[in-house]
Amino acid sequence: MDLGLIGLGKMGGNMRERIRRAGHKVVGYDRDPELADVHSLQELVEALGDGPRVVWSMVPAGVATQSTVDELSRLLSPGDVVVDGGNSRWNEDEKHAAELAEHGIGFVDCGVSGGVWGLENGYALMYGGEAEHVAAVQPIFDALKPEGEFGSVHAGRVGAGHFAKMVHNGIEYAMMQAFAEGWELLEAAEPVTDVREVFRSWQEGTVIRSWLLDLAVNALDGDEHLEKLRGYAADSGEGRWTVEAALDNRVPLPAITASLFARFSSRQDDSPQMKMIAALRNQFGGHAVENIGGAGK
């Protein structure tokens, strides 16, 4: 099928390549003309032909997503479908769906996980929307997901995809925090002389073996004591939204909440735990890190 893809950064650019490898046509638009196949949303829609058309947005949540929805509502036709694959807040999805529905345009929200590794490994996909709109996008979901039975889910109605991805990221916060705390304690303990190899030993035969553990070992192989990193880790919003949703639904989330507050400690003095959090975020998502004595990368 033909797909319009808006936003060709670290995630969007690799997604375009993976979809093309599966045999589909992708027309990509980005504000950076060196990345783009076309140079306006109007050109993108025209390149997709008469339709029905599917346009997937991978732009930042908030103003950028809203302006994209607004412009697409004027350019697309009844029967077309818009997918928001960015990290929008789930309760914005109902608003966007309603705005597009006024023009007869369908809407699907899709949480995407996979970071810089998704091109080769595939992307975990969580999507929400009406069955007919999901069906229109299904060949693209199938192209993006990992090989095998698992890796994608129609999580429910509009908003369910981004809600599921929000909870996923909250769990990710807590898991990374646990690895970071364990690493700092091992580094501080006098009897332990090779923390990196302790982490490496856990990669087989233990209940905590995981991709995050593998990435932690990768980071330690590159900087054994994480001495090059400043202990600063950003929070991109989903952790806060997860805690707020827990309050709204009266669900206790002590581990996820504590991991969010631990991020705030990195705004204070240099935090050893946040060195590991920063290293893990860089490993799985290519997120920028702040190096001691130099700019981030």
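E244 is partly exposed, with a relative accessible area of 33%; here buried means under 20%, exposed over 50% and partly exposed in between, using a 1.4 Å probe and protein chains only. Before going on, the sources. This is a predicted model, in which local features need pLDDT of at least 70, side-chain atom pairs count only at pLDDT 80 or more, and totals for chains, interfaces and linings use all residues. Residues are numbered from 1 along each chain as its sequence is written, and side-chain values use heavy atoms, with hydrogens and water left out.

Back to E244. Its side chain meets that of R89 in a salt bridge at 2.3 Å, N to O; the criterion is a side-chain nitrogen of Lys or Arg within 4 Å of a carboxyl oxygen of Asp or Glu. R89 sits in the loop between β4 and α4, and E244 in helix α10 (residues 238-249), 155 residues apart. Helices (H or I, at least four residues) and strands (E, at least two) are DSSP runs, numbered from the N terminus. R89 is partly exposed too, at 25%.

The whole structure has 13 salt bridges. Another of them joins E99 and K95 at 2.9 Å, N to O. Both residues lie in helix α4, four residues apart, about one turn of the helix. Salt bridges with shared partners join R196, E197, R200, D221 and E224 into one network.

Next, the sheet. It is open, with seven strands in the order β2-β1-β3-β4-β5-β6-β7 and mixed pairing; two strands pair if DSSP finds at least two bridges between them. The edges are β2 (25-29) and β7 (152-156). Twist averages 25 degrees from one strand to the next. Strands β4 and β5 run parallel, joined by four bridges, and V81 stands opposite G106 in β5.

Which strands does α7 lie across? They are β4, β5, β6 (124-128) and β7, with α7 at about 15 degrees to β5. Axes are lines fitted to C-alpha atoms, for helices over the stretch in contact (heavy atoms within 4.5 Å), and angles run from 0 to 180 degrees between N-to-C directions. Helix α4 lies across β4 and β5, at about 145 degrees to β5.

Last, the largest nonpolar core: 26 residues, with W183 and F199 among those having the most contacts inside it. Such a core is a set of buried Ala, Val, Leu, Ile, Met, Phe, Trp, Tyr and Cys residues joined through side-chain atoms within 4.5 Å.
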